[in-house]
Amino acid sequence: MLDVASWTTRLAGPARQVAGIAGPVVFTGAWIVSSLRQTGYPAAEIQLSGLAAPDARDPWIMVAGFVVLGGCTVAFGAALHDALGRSSSVGQGRWRGGAGAAPRLIQGAGLLTIAAGLLRRDRMLLTPGSVSWHNHAHDVISLVIYADLVAAQVLLAERFGRDAGGLGPDWRSWRPWLLASSLATGAALAAFAGVLQRIAVTIPLAAVAAVAVRLLRTPARSGWP
């Protein structure tokens, strides 16, 4: 079994930070292309999971999007954990604050995203009738991912607001933006239909990518990955 979490820790720090940008870009590109290729259907009518179903046109595009996003998210979560955990140094070798739970939640969402991509839905459209075990598993995993991403944004906002540490005081300004994005994600998920589903997915991915860009621009410090 592929140990994604272990493999991603071997990547250099900058590569793991870039992964936080690459994953959302690849996934967004995958669902845009896949949506446009479903001839005979409005682009926003089909849920993202349906684009990876066996009866979709070129489902491998969406499956690849899930897998790439998942792997990149795990890698970025590791980079964020290292950066936040090592930014709060005080004294000699002691740490205060720590990275918090958000980076691990982000990594968990990445692993679940890979599982969601491999455990595909049976059909492209939501139609009545019995479904397979992996269809049920996909639905449950998807719900957990959405809840995970909302919680990760809230906890990351709390972490930046509580102690920006060696990352710099300007990181505290991210708190209201992350709280707003978590609320917007939750609101879009409450409706969860058509375009709103795509918005609910895009908001947390955009937040992750924005943090990754900012982290890349943060000067490296001693002990950073």
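Guide: A residue is called buried when its relative accessible area is under 20%, exposed when it is over 50%, and partly exposed in between. This is a predicted model. Of the 225 residues of the protein chain, 46% count as buried.

Visitor: What elements does the protein chain have, and how do they run?

Guide: There are seven helices and two strands. From the N terminus on, the order is α-α-α-β-β-α-α-α-α.

Visitor: What makes D82 and R16 a salt bridge?

Guide: The rule asks for a side-chain nitrogen of Lys or Arg within 4 Å of a carboxyl oxygen of Asp or Glu. In D82 and R16 the closest N and O atoms are 3.1 Å apart, and 3.1 Å is within the limit, so the pair counts as a salt bridge. D82 belongs to helix α3 (residues 59-86) and R16 to helix α2 (residues 13-37), so the pair ties together parts that are 66 residues apart in sequence.

Visitor: Why is D82 called buried?

Guide: Its relative accessible area is 17%, and buried means under 20%, so D82 is buried. R16 has a relative accessible area of 5%, so R16 is buried by the rule too.

Visitor: How many salt bridges are there by this rule?

Guide: The count comes to two. D58 forms a salt bridge with R37, and there the closest N and O atoms are 2.7 Å apart.

Visitor: Are D58 and R37 buried, exposed or partly exposed, and how do you know?

Guide: D58 has a relative accessible area of 24%, and R37 has 30%. Both values fall between 20% and 50%, so D58 and R37 are partly exposed.

Visitor: How do you know what span to expect of helix α6?

Guide: Helix α6 covers residues 174-191, which is 18 residues, and at 1.5 Å a residue it should span 26 Å. Its end C-alpha atoms are 26 Å apart, which agrees. For helix α4 (residues 102-118), with 17 residues, the reach from first C-alpha to last is 25 Å, close to the 24 Å expected.

Visitor: Which residues of α6 are buried, and why are they said to line one face?

Guide: The buried residues in α6 are W174, L178, S181, S182, T185, A188 and L189. Seen down the axis of α6, the buried residues fall within an arc of 130°, so they line one face of the helix. P176, L183, A187 and A190 are exposed on the other side of α6. The cover over the buried residues of α6 includes α5 (133-162) and α7.

Visitor: Which residues are buried in α4?

Guide: They are A102, P103, I106, Q107, A109, G110, T113, I114, A116 and G117.

Visitor: What makes the nonpolar surface patch, and why can L196 belong to it?

Guide: V195, L196 and I199 make the patch, which is about 230 Å². L196 lies in helix α7 (residues 195-217). A patch residue needs over 30% relative accessible area, and L196 has 35%, so L196 passes that cut-off. At 35%, L196 is partly exposed.

Methods
Residues are numbered from 1 along each chain as its sequence is written. This is a predicted model: local features need pLDDT of at least 70, side-chain atom pairs count only at pLDDT 80 or more; totals for chains, interfaces and linings use all residues. Side-chain values use heavy atoms; hydrogens and water are left out. Helices (H or I, at least four residues) and strands (E, at least two) are DSSP runs, numbered from the N terminus. Buried means under 20% relative accessible area, exposed over 50%, partly exposed in between (1.4 Å probe, protein chains only). The expected span of a helix is 1.5 Å times one less than its number of residues. Patches are made of residues with over 30% relative accessible area and no salt bridge: like charges are joined within 9 Å, nonpolar side chains (Val, Leu, Ile, Met, Phe, Trp, Tyr) within 5 Å. Accessible areas come from the Shrake-Rupley method with a 1.4 Å probe; for residues, only the protein chains shown count as cover. The arc is that of the directions from the helix axis to the C-beta atoms. Contact means heavy atoms within 4.5 Å.
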